[in-house]
Amino acid sequence: MSVLPFDQRDGFIWLDGDFIPSADAKLHVLSHGLHYASCVFEGERAYGGRIFKSSEHSERFRASAELLDFKIPYSVAELDDIKQQIVSRNNFTNCYVRPVAWRGSEMMAVAAQQATIHVAIAAWDWPSMFDIATKMKGIRLDIAEYRRPDPLTAPCRSKAAGLYMICTISKHRAERRGYADAMMLDWQGRVAECTGANIFFATNGVLHTPIADCFLDGITRRTVIDLARRRGVEVVERRIMPEELTGFEECFICGTGAEVTPVSEIGPYKFTPGAIARALIDDYSAEVQPKQKAA
Ligand SMILES: Cc1ncc(COP(=O)(O)O)c(C=O)c1O
């Protein structure tokens, strides 16, 4: 399947204050963000023309940068407005939205206190992270070689580009071995998350999910917890060891990209996509639709 490279696509990208043609949205090769990973980003989805939980993403974007010791020079309201404009100027109704911020070219050494902070916002069409037929049967997950780092080792609450090298290595290895994705353990060997999504398990009608203390506490994760509780489903956040996976009947992952995706296998452990995942897929699809404003 040939896919048009992102730098050759039509449409507009907002870069440092201007909406410009996508092909012109370039940065210099000597950019601190590229060499030293001083870069944070967001991943959001618009449904029916409106970005779901836009302000929560903008807040996390700014917080991610602060954890990397820089400040995004736009407020949450300004970011929300630009993101919404990028969706409409590109004539998207349903799409993925990608804000990114990085340190520029004024300084090329570890210290870059005076480097300019650049911000760009792009959007593209991205119907589903996984092939739809496979998704409903449940995807197969490998168990990653690398682990999520100790929070004393890395700013793990930041959606920092640097932290994604672990995810890319793990996802590539998983794909080479015939899996759709990989589940990563944390630095203590407990179940953590996938390379771009959080993870949930179910048994006896109760949902279990790892405590997000050393990996991204996803906005979708929090939404799913809320939706499950609204349905009266008990949700337990706790430490989960990999050996415990034999005791769960259902498993699913969730994230802005993955939405709610059932899992059928994790290495040697098997699950059957079932009623809880199906109910939450439906609840999530309804929740993300733009709400009519009360008259
Ligand atoms: C590593 C990782 N964990 C979890 C998530 C889920 O986060 P969210 O639901 O905010 O998209 C993502 C998605 O961006 C991710 O990349």
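**Domains, ligand and core**

Modeller: The C-alpha centres of domain 1 and domain 2 lie 26 Å apart. The model is a predicted one, in which local features need pLDDT of at least 70, side-chain atom pairs count only at pLDDT 80 or more, and totals for chains, interfaces and linings use all residues. Residues are numbered from 1 along each chain as its sequence is written.

Biologist: Which residues belong to domain 1 and domain 2?

Modeller: Domain 1 is 7–124 and domain 2 is 132–287. Such bounds come from an automatic or database domain assignment.

Biologist: How many residues does the contact take from domain 1 and from domain 2?

Modeller: Domain 1 puts 15 residues into the contact and domain 2 puts in 10 residues. Two residues are in contact if their C-beta atoms, placed from the backbone, lie within 7 Å.

Biologist: Which elements give two or more residues to the side of domain 1 that touches domain 2?

Modeller: They are β3 (39–41), β4 (44–47) and α2 (54–67). The most comes from α2, with five residues. Helices (H or I, at least four residues) and strands (E, at least two) are DSSP runs, numbered from the N terminus.

Biologist: And how do the residues on that side of domain 1 divide?

Modeller: On the side of domain 1 that touches domain 2, six are nonpolar, three polar and six charged. Here Ala, Val, Leu, Ile, Met, Phe, Trp, Tyr, Cys and Pro count as nonpolar, Asp, Glu, Lys and Arg as charged, and the others, Gly among them, as polar.

Biologist: Staying with α2, why does Ala 65 count as buried?

Modeller: Ala 65, which is in helix α2, is buried because 25 other C-beta atoms lie within 10 Å. The rule is 20 or more other C-beta atoms within 10 Å of its own for buried, 12 or fewer for exposed, and partly exposed in between, with C-beta atoms placed from the backbone.

Biologist: What does Ala 65 touch?

Modeller: Not counting residues up to four places away in sequence, Ala 65 touches Val 40, Phe 70, Lys 71, Ile 72 and Ala 101. Ser 38 is 27 residues away from Ala 65 in sequence, and their C-alpha atoms are 8.6 Å apart in space.

Biologist: New topic. How many residues surround the ligand?

Modeller: The ligand has 13 residues around it, and the closest are Gly 218, Ile 219, Thr 220, Gly 255 and Thr 256. A residue is near a molecule if its C-beta atom, placed from the backbone, lies within 6 Å of it. The shell has four nonpolar, seven polar and two charged residues.

Biologist: Which helix gives the most to that shell?

Modeller: Helix α6 (residues 219–230), with three residues. Within α6, the buried residues are Ile 219, Thr 220, Arg 221, Thr 223, Val 224 and Ala 228.

Biologist: What span should α6 have?

Modeller: At 1.5 Å a residue, its 12 residues should span 16 Å, and the end C-alpha atoms are 17 Å apart, which agrees. The expected span is 1.5 Å times one less than the number of residues. Just after α6, Gly 232 has a positive phi of about 85°.

Biologist: Which residues other than glycine have a positive phi?

Modeller: Asn 91 is one of them, at about 60°, and Glu 259 is another, near 50°. Most residues other than glycine have a negative phi. Asn 91 is in the loop between α3 (76–89) and β6 (95–103), and Glu 259 is in strand β15 (residues 259–266).

Biologist: Are those two buried or exposed?

Modeller: Asn 91 counts as exposed because it has 10 C-beta neighbours inside 10 Å. Glu 259 has 22 inside 10 Å, so Glu 259 counts as buried.

Biologist: Last one: which residues touch the most other members in the largest nonpolar core?

Modeller: Met 183, Phe 200 and Cys 251, in a core of 52 residues. This core draws at least three residues from each of domain 1 and domain 2. A second, separate core has 14 residues, including Trp 14 and Cys 95. A nonpolar core is a set of buried Ala, Val, Leu, Ile, Met, Phe, Trp, Tyr and Cys residues joined through C-beta atoms within 7 Å.
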